[in-house]
Amino acid sequence: MGFQSATDSELKILETLWEMGRPAGFGELMESVNQRAGTEWKKETLNTFLSRMQRKKLIEAVEGENKRKKYRPCISRDEYLTEMSKDFLDRNLGGSLAKMFTALSGGGRLCREDVQELRQALDDWEKE
């Protein structure tokens with residue numbers, strides 16, 4: 001099974017975990033998500049999302065103090081954004097970066113500065 005994107009609600013949980021920078025227990029995670037995202041999820045709602053996210057391999061449960069589960073992301077924010085971008089590019093633009101740049105420019109011509117920036121990025125990628 002390849003990359004599976006997060007729903008908007010699942011992304012709220014991931015963003016909270018990324019921001020915390022450490023595994024979080026259920027109660028702490030619920031409080032943080034509700035506060036950060038302005039939600040009022042019930043325990044059952046969060047538990048459903050956490051189970052689904054584990055099946056998608058977006059998060060994992062690890063054993064914390066007193067054998068209580070703590071949750072941590074399986075993917076970093078940067079890795080997630082990279083995978084989302086690749087998925088979007090593949091599904092919508094046949095994997096073509098040229099089509100993406102054309103779409104982002106509104107079909108018009110790019111200004112000189114944008115072209116220079118793109119050339120520099122391509123040169124950098126070629127050197128890697």
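**Note on a predicted helix-and-strand model**

1. Helix H1, residues 8-20, lies across E1, E2 and E3. Against E3, helix H1 runs at about 95°. Keep in mind that this is a predicted model.

2. Next, the parts list. The protein chain has 6 helices and 3 strands. Read from the N terminus on, the order is α-β-α-α-β-β-α-α-α.

3. Now the sheet. The 3 strands form an open sheet in the order E1-E3-E2, and the pairing is antiparallel. E1 and E2 stand at the edges, each with a single partner strand, so one side of each has no neighbour in the sheet. What holds strands together in general? Strands of a sheet pair through backbone hydrogen bonds, and the pairing may be parallel or antiparallel.

4. Take the pairing of E1 with E3. Strand E1 covers residues 24-25, and strand E3 covers residues 69-73. These two strands pair in the antiparallel sense over 2 bridges. Find Ala24 in the structure: Tyr71 in E3 stands opposite.

5. Then look at E2 and E3. How many bridges join strand E2 to E3? The count is 5, and the two strands run antiparallel. Strand E2 spans residues 59-63. Ala61 stands opposite Tyr71 in E3.

6. The turn deserves a look. E2 and E3 form a hairpin, with 5 residues between them. Asn66 sits in that turn and has a positive phi of about 55°.

7. Aromatic rings come next. The count comes to 2 aromatic pairs. One of them is Trp18 with Tyr80, a tilted pair. The ring centres of Trp18 and Tyr80 are 5.9 Å apart, with 55° between the planes. Why does this pair tie together parts that are 62 residues apart in sequence? Trp18 lies in helix H1, while Tyr80 lies in helix H4, residues 77-93, so the pair links those two parts.

8. Trp41 and Phe49 are both buried.

9. Step back to the whole chain. A compact globule of 128 residues would have a radius of gyration near 14 Å. The protein chain has 19 Å instead. The C-alpha atoms fill a box of roughly 60 × 30 × 30 Å, taken along the principal axes.

10. Last, burial, surface and contacts. Of the 128 residues in the protein chain, 24% are buried. The protein chain exposes about 9,200 Å², and carbon and sulfur atoms supply 47% of that area. What share of contacts between residues at least 6 apart in sequence join residues at least 24 apart? In the protein chain, that share is 48%.

Notes: Residues are numbered from 1 along each chain as its sequence is written. This is a predicted model: local features need pLDDT of at least 70, side-chain atom pairs count only at pLDDT 80 or more; totals for chains, interfaces and linings use all residues. Side-chain values use heavy atoms; hydrogens and water are left out. Two strands pair if DSSP finds at least two bridges between them. Helices (H or I, at least four residues) and strands (E, at least two) are DSSP runs, numbered from the N terminus. Contact means heavy atoms within 4.5 Å. Axes are lines fitted to C-alpha atoms, for helices over the stretch in contact, and angles run from 0 to 180 degrees between N-to-C directions. The radius of gyration is taken over C-alpha atoms; the globule rule is 2.2 Å times the number of residues to the power 0.38. Buried means under 20% relative accessible area, exposed over 50%, partly exposed in between (1.4 Å probe, protein chains only). Accessible areas come from the Shrake-Rupley method with a 1.4 Å probe; for residues, only the protein chains shown count as cover. Rings of Phe, Tyr and Trp (its six-membered ring) pair if their centres lie within 6.5 Å; planes under 30 degrees apart count as stacked, over 60 as edge-to-face and the rest as tilted.
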